[in-house]
Amino acid sequence: MLAAYALLYASPYGLRVLTVAGVYALAAIGFQIVFGLGGALSLAHGAFFGVGAYATGILGSQLGWTFAATFPLSILAPFLLALLVGLPVLRLESHYFALATLGIAQVVLLLAVNSPGLTGGANGLPGVPGVLLFGWAVPRGLPLAAVVWGFVAAGGALAWSLARGRWGRALTLVRDDPLAAGTLGLDVGRLRLGAFALSAVYAGAAGALSVHTQRVVSPEVLEFPVMVSVLAIAVVGGRGRVAGAVLGAVLLVHLPEWFRFLERSYLIVYGAALLATIVLAPEGLTGLLDRLFPPRKRVLPVAKAPPAVAIEGGPVLLVEGLRKSFGGVRAVDEVSLTLEAGTITGLIGPNGSGKTTVINLISGLERPDAGRILVAGRDLAGKRPDRIARAGIARTFQAVSLPEGATVLEAVAAARLERDRGVAAAEAHALWALERLGAADLALRPCADLPAALRRRVELARALARQPAVLLLDEPAAGLTDAEKAELAGHLRAIAAAGTALLVVEHDMGFLLPLAGHVLCLDQGRTLYDGPPAGVRSDAAVVAAYLGEDAP
Ligand SMILES: Nc1ncnc2c1ncn2[C@@H]1O[C@H](COP(=O)(O)OP(=O)(O)OP(=O)(O)O)[C@@H](O)[C@H]1O
């Protein structure tokens, strides 16, 4: 459609606007990667655009270099800058990250304005050469528009395939639930840094092409309106979607042109049109199109058992002298436990006795103050959650959190993204896990539609899909009916029978004691009882601290 418009109808001015729309589409595709997929509101995107623009401007205008040299360097410069600043700023949480990236943008702008020798200062640099492709000086108008949109097509195809593949899926999970992502073996920091750096590549390319279109570079390319336009394009087009970036860019760049006949009141109408789009289609134009023309139901893959993490001989998990304090609170105090393959161990104790902290320490979400956590003889105490997950430890959470926008199959397949070669294999393995828990019929349902009990089942399937050597479950029976608890107990027995070692935190003794082969009771972080389930109810200390005299 765009090609037909460009070839048949567009005036020279129209072609110029279309070229600018292409430049913004390219920048917005990059922004979709870091903001849409990765969930990080990077306000440095405009700065990366400007760095690409200035690299082309300085090298082209001051040094007379041609496109073949300036374009790669205009991509490389923002990429390297993103790697450099990404390491510290990506550690920050949402709005602090946004503020830090805004700071980066301001610093880059100040540098550009205050280095007149290099950048031309506030006046910028004129005389930037046009695009030179294989010896052909691409003229403005249709040829330049075609070249820019060629870059949009190539960049869009790459981003689209990345977004649909393992990397894009993993990034989406990092956006939706970074804690779970780590415990599913995904290196959250690396994924975020990769998304940030790749987004800078797109911004740099767009900045370079914008300078070739204007033939001058000035501090305008680094000012906030560029950033705001890219953000508006991503939101209006549809967050995380390549098609959204293209649709949003074409619309937002053309809207002011279409409303120009309104003269002074055009900005009001432009603003109202933007607001109306956001209110009527909060998930963006591509989301609106999906609602009007729902995608066809997909076919389920053939289920396939994933390979298990095998740990040969001896206990699969040995915890020794684990300690953790939060300020003055000793949450875990000298706790030791041993898990053998194929066994179920119960971890009980009053509220606040340290049970969840033990699971958090073992799975790497908290760093122990002291103690060893040995898996297959290797001490993993204090290691990152993804490294611990890769060693064969999986877990569920007390408060189940599933990616609301995903289907059950996609949510469970997230557990396999780090291990399997592609999304298809991950989904086949995910379906196997769902089948084992009698939940295959949920596969295509959106997670957002599920009642609490089924959400727990899906989360368990996600942990099981990792085929872990050790499975840590935090109150898996909470909120279940008696029938659902009985069914869950059957599933847990089957998982243990297949060789996994289970550590189950639970308050429901009627559920846990018949299930567990061994029980630990904590009180104020210390081990109060460590023995067979049969002795729990008659242990005076456990009764006094936890069960009470009237326990059933
Ligand atoms: N991140 C944290 N920061 C500060 N204090 C914490 C943190 N996590 C846990 N605690 C404290 O550590 C102690 C143990 O908490 P934990 O959640 O491990 O208990 P629990 O046995 O799992 O309780 P429940 O049965 O209610 O889930 C509590 O006093 C709690 O307030």
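**Ligand shell, domains and helix pairs**

Let's start at the ligand. Strand S4 (329-339) and helix H15 (355-363) each give at least two residues to the shell around the ligand. Helices here are DSSP runs of H or I with at least four residues, strands are runs of E with at least two, and both are numbered from the N terminus. H15 gives the largest share of that shell, three residues.

A word on the model. It is predicted, so local features need pLDDT of at least 70, side-chain atom pairs count only at pLDDT 80 or more, and totals for chains, interfaces and linings use all residues. Residue numbers run from 1 along each chain as its sequence is written.

Which residues are around the ligand? They are Phe326, Val329, Ala331, Gly349, Asn351, Gly352, Ser353, Gly354, Lys355, Thr356, Thr357 and Gln398. A residue counts as near a molecule or strand if its C-beta atom, placed from the backbone, lies within 6 Å of it. By class, the shell has three nonpolar, eight polar and one charged. Nonpolar means Ala, Val, Leu, Ile, Met, Phe, Trp, Tyr, Cys and Pro; charged means Asp, Glu, Lys and Arg; the others, Gly among them, are polar.

Next, the domains. The chain is divided into domain 1 (17-223) and domain 2 (317-547). These bounds come from an automatic or database domain assignment. The C-alpha centres of the two domains lie 42 Å apart. Across the boundary, 16 residues of domain 1 are in contact with 18 residues of domain 2. Contact means that the C-beta atoms of two residues, placed from the backbone, lie within 7 Å.

What supplies the side of domain 1 that touches domain 2? Helix H8 (166-176) and helix H9 (178-183) each supply at least two residues. The largest share, six residues, comes from H8. That side of domain 1 has six nonpolar, five polar and five charged residues.

Stay with H8. Its axis comes within 10 Å of the axis of helix H10 (residues 188-214), and the two cross at roughly 110°. Axes are lines fitted to C-alpha atoms, for helices over the stretch in contact, and angles run from 0 to 180 degrees between N-to-C directions. So H8 is roughly perpendicular to H10. The cut-offs: under 35 degrees is roughly parallel, over 145 roughly antiparallel, 65 to 115 roughly perpendicular, and the rest oblique. Ala170, Leu171 and Val174 of H8 meet Val188, Leu191, Arg192 and Ala195 of H10. This contact has six nonpolar, no polar and one charged residues.

His45, Gly46 and Phe49 of H3 touch Phe224, Val226, Met227 and Val230 of H11. The contact of H3 with H11 has five nonpolar, two polar and no charged residues.

Last pair: helix H2 (residues 12-37) and helix H12 (residues 242-258). The angle is about 140°, and the axes are 8 Å apart. H2 and H12 are therefore oblique to each other. The crossing of H2 and H12 is right-handed. On the H2 side, the contact includes Val17, Tyr24 and Gln32; on the H12 side, it includes Val242, His254 and Glu257. The residues of this contact divide into 13 nonpolar, four polar and one charged.

Conventions
Left-handed = near helix turned anticlockwise from the far one by under 90°.
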